[in-house]
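Open the model in your viewer and keep the selection tool ready. We will go stop by stop.

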Amino acid sequence: MTSPLPAMDDSCRTNQGSTSIHITALDGIVNVNSLFTLGVFIGLAWNPVDPNNNLVDNPACLAHRFHAENLVTFHVFSFGCFLFSSLLALALKQGFRLSQRVTHPSALDVIPAYVNKTLLRAVLLICAIGSVSGSLFLVLALVNLAQIKLGTLSCGSPLTFGAVVPLLIFVPAGLLIYTGVVLYAFTR
């Protein structure tokens, strides 16, 4: 009996294990983006121009208005990147589900999905770029938050440097590892 599906080469066929790995990766992207989005909303709920909401004693070290403006701007950019990445990942997951045919509604065996691997890789890469961009904007927002709460970097506040330096070391290091894993997955 011939298959009603058009003939496709094996480069477009994925097995169930490969598909579940991709779906798990997409779930991870959505979960992490959701946590960061929650952090963005909490950050936006705070009033950065409240003069009683900082730990700065020296008036020369008080943050300027543009720090508060940048804080809000970077939070919004971060939210947009996380939302874009999450929606794209969810759309790709739905595409996986739609591309699989179940042989019988009660059967557990599923015919392997036909997936355009080039499109899959491109969408995974775009999801990762959205998550990385959102993370970078969130870091910039947190740097501005530290300057508002603890004093500006130009003032040389040790508290501000103590908050910002680890942030600028650990987050980029984590993003480099994440990017490396994504690029590795991109080539498989």
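Start by selecting helix 1 (16-45), helix 3 and helix 4 (158-186): each supplies at least two residues to the lining of the second largest pocket. This is a predicted model. The pocket has a volume of about 230 Å³. Its lining counts 16 residues. To find the centre, pick Val 32, Phe 36, Ser 131, Ser 135 and Leu 175, which lie nearest to it. Now colour the lining by class. You get 11 nonpolar residues, five polar ones and no charged ones.

Next stop: the largest nonpolar core. It is made up of 11 residues. Select Ile 23, Leu 26, Ile 29 and Val 30, then Ala 89, Leu 92 and Phe 96, then Leu 120, Val 123, Leu 124 and Cys 127. Helix 1, helix 2 (65-99) and helix 3 each give two or more residues to this core.

Now follow helix 3 along its length, residues 117-150. How far apart are its end C-alpha atoms? They are 49 Å apart. At 1.5 Å a residue, the 34 residues of helix 3 should span 50 Å, so the two values agree.

Stay with helix 3 and select Gln 147. Is Gln 147 buried or exposed? Its relative accessibility is 8%, so Gln 147 counts as buried; the cut-off for buried is under 20%. Show its contacts beyond four places in sequence: Ala 63, His 67, Thr 152, Leu 153 and Thr 160.

Methods: Residues are numbered from 1 along each chain as its sequence is written. This is a predicted model: local features need pLDDT of at least 70, side-chain atom pairs count only at pLDDT 80 or more; totals for chains, interfaces and linings use all residues. Side-chain values use heavy atoms; hydrogens and water are left out. Helices (H or I, at least four residues) and strands (E, at least two) are DSSP runs, numbered from the N terminus. Buried means under 20% relative accessible area, exposed over 50%, partly exposed in between (1.4 Å probe, protein chains only). Contact means heavy atoms within 4.5 Å. On a 1 Å grid over the protein atoms alone, a cavity is a set of points where a 1.4 Å probe fits but cannot get out, and a pocket is an open set with protein on both sides within 12 Å along at least five of seven lines; lining residues have an atom within 4 Å of a point. Grid points are joined across faces, edges and corners, and a volume is the space filled by probe spheres set on the points. Ala, Val, Leu, Ile, Met, Phe, Trp, Tyr, Cys and Pro count as nonpolar, Asp, Glu, Lys and Arg as charged, and the others, Gly among them, as polar. A nonpolar core is a set of buried Ala, Val, Leu, Ile, Met, Phe, Trp, Tyr and Cys residues joined through side-chain atoms within 4.5 Å. The expected span of a helix is 1.5 Å times one less than its number of residues.
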